[in-house]
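Let us take a walk through this structure together, with the model open beside the text.

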Amino acid sequence: MKTVRDYPSIVIPPPGPKAQAVVRQDAQWTSTCYTKEYPLVVSRGSGVMVEDVDGNRYLDFMAGIAVSSTGYGHPKVVAAVKKAAERFLHICGSDFYYEGMAALCERLARLAPGSSKKRVFLTNSGTEATEAAIKLVRHATGRTAIIAFRGAFHGRTTGAVSLTSSKSRQHAGFGPLLPDVHHVPFAYRYRCAFCAREPACNRGCIDVIERDLFARHLDPHDVAAVFVEPIQGEGGYIIPPPGYLADLRALCDRYGILLVADEVQSGIGRTGRMFACEHEGLEPDILLTAKGLGSGMPIGAMVAKESITSWEAGSHGSTFGGNPVCCAAALATLDLVENGLMANAAQMGERLLAGACRLMTEHPLIGDVRGRGLMVGLEFVKNRDTREPAPEIVRSLIQQAFRRGLLLLGAGQSTLRLAPPLVIDEQDLDTALELIDSCLDELA
Ligand SMILES: *Cc1c(COP(=O)(O)O)cnc(C)c1O
């Protein structure tokens, strides 16, 4: 049964006058590196609804880049944050103890895929989780080289951005970056150099690591780790074929290379399981999480097997990492994700994927649809035979949807990513699909 909802509702074409004032001020004083997708000036949010300063209400299908996992202002998360804030805002978990930090580390260690005992390092962000992992894998193996994938996104601090390979602008002018980082092709079936036109994946992209990289350039025994996103996020919501991650694990094991799964975007219930690795039965040596973990409060984590957690007291740390208020938000988020939201993500994800596939039958501009849970990508092309990317279509679609009250975001070269908060229901999901459908009709 449909209920009457007060969103999406555009009362004044955005940006309205109040939004324009903020955009003007921001344009003058914020650093020039920010991209700003469209002039959305947020004043509040509730569930999957975001309201701007002029009273426009939007349906959110990007969750502040897959962060607002429990929606905006979930009462249980807000209550946990308030309670923790009233007790103490900070004490520095690197030097002292508190209940929230111990509890969250135990919780994440137990939740991480696989049966090995884990230990947890808490951070403020995804990129800091990547930095921690870069340091730990080198420390644990005594090796320096790192393998990462084309299209990968692991963060923007200098170490992490060296592993990132999604847009050259993220590297331009910042070099020299971390040495001894080697990028190899990802299992991007739709555009794979080895098997894009084949009926099945032939693992050409894994073979090439041994046949080419290890044979000619890099001794595998110098490699500390392979960093992989089990589902590539910024790179375009790319899901590797079944068995690929297991084959990658086997490759690592042949040479004593550690496997780091960056689940900063794919983790915390978004794919219908707590971590995307679980769909493939993969136990990484290190798992990275952040984005959805704190429902918006800044917190991330590196969860490592105890057997490789070799670094001594004082070798790494953080003043703010694992802030008590953020720990409380994360614990409340995990409660919600485990008790309903993960199941909802799986169920709504099926409906969303089916809806996206329907859109593909109607709109020839959509060349590929892929998804797991509430992580769904629609790749746009100029022509389905040539598969030529159509980035300008994605850009126009996103702008148009914004003006009609739907918040979207692109990913990769020409993919639309659908990543609503995990609290999304059927009605809002169908509304979003209808809006995308009608925007595409207008664009065609
Ligand atoms: C967003 C993201 C990061 C970086 O997280 P920040 O909190 O922006 O530093 C790292 N890895 C993946 C897979 C991400 O999606």
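This is a predicted model: local features need pLDDT of at least 70, side-chain atom pairs count only at pLDDT 80 or more; totals for chains, interfaces and linings use all residues.

Residues are numbered from 1 along each chain as its sequence is written, and side-chain values use heavy atoms, with hydrogens and water left out.

Start with helix H7 (residues 204-217) and helix H8 (residues 244-255), whose axes come within 9 Å and cross at roughly 25 degrees. Helices here are DSSP runs (H or I, at least four residues) and strands likewise (E, at least two), numbered from the N terminus. Axes are lines fitted to C-alpha atoms, for helices over the stretch in contact, with angles running from 0 to 180 degrees between N-to-C directions. H7 and H8 are therefore roughly parallel to each other (angles under 35 degrees count as roughly parallel, over 145 as roughly antiparallel, 65 to 115 as roughly perpendicular and the rest as oblique). On the H7 side, the contact (heavy atoms within 4.5 Å) is made by Cys205, Ile206, Ile209, Glu210 and Phe214; H8 brings Tyr244, Asp247, Leu248, Leu251, Arg254 and Tyr255. These residues divide into eight nonpolar, no polar and three charged (Ala, Val, Leu, Ile, Met, Phe, Trp, Tyr, Cys and Pro count as nonpolar, Asp, Glu, Lys and Arg as charged, and the others, Gly among them, as polar).

Now move along to helix H10 (residues 391-403) and helix H11 (residues 426-443), with axes that come within 10 Å and cross at roughly 125 degrees. That angle makes H10 oblique to H11. Ile393, Ser396, Leu397, Gln400 and Ala401 of H10 meet Ile436, Cys439, Leu440, Glu442 and Leu443 of H11, a contact with seven nonpolar, two polar and one charged residues.

Where is space left inside? The structure holds two cavities of 30 Å³ or more; on a 1 Å grid over the protein atoms alone, a cavity is a set of points where a 1.4 Å probe fits but cannot get out, and lining residues have an atom within 4 Å of a point. Grid points are joined across faces, edges and corners, and a volume is the space filled by probe spheres set on the points. The largest cavity has a volume of about 40 Å³, and its lining includes Pro230, Pro240, Pro241, His279 and Arg372. The second largest cavity, with about 30 Å³ of space, has Ala66, Gln265 and Leu422 among its lining residues.

How values were computed. On a 1 Å grid over the protein atoms alone, a cavity is a set of points where a 1.4 Å probe fits but cannot get out, and a pocket is an open set with protein on both sides within 12 Å along at least five of seven lines; lining residues have an atom within 4 Å of a point.
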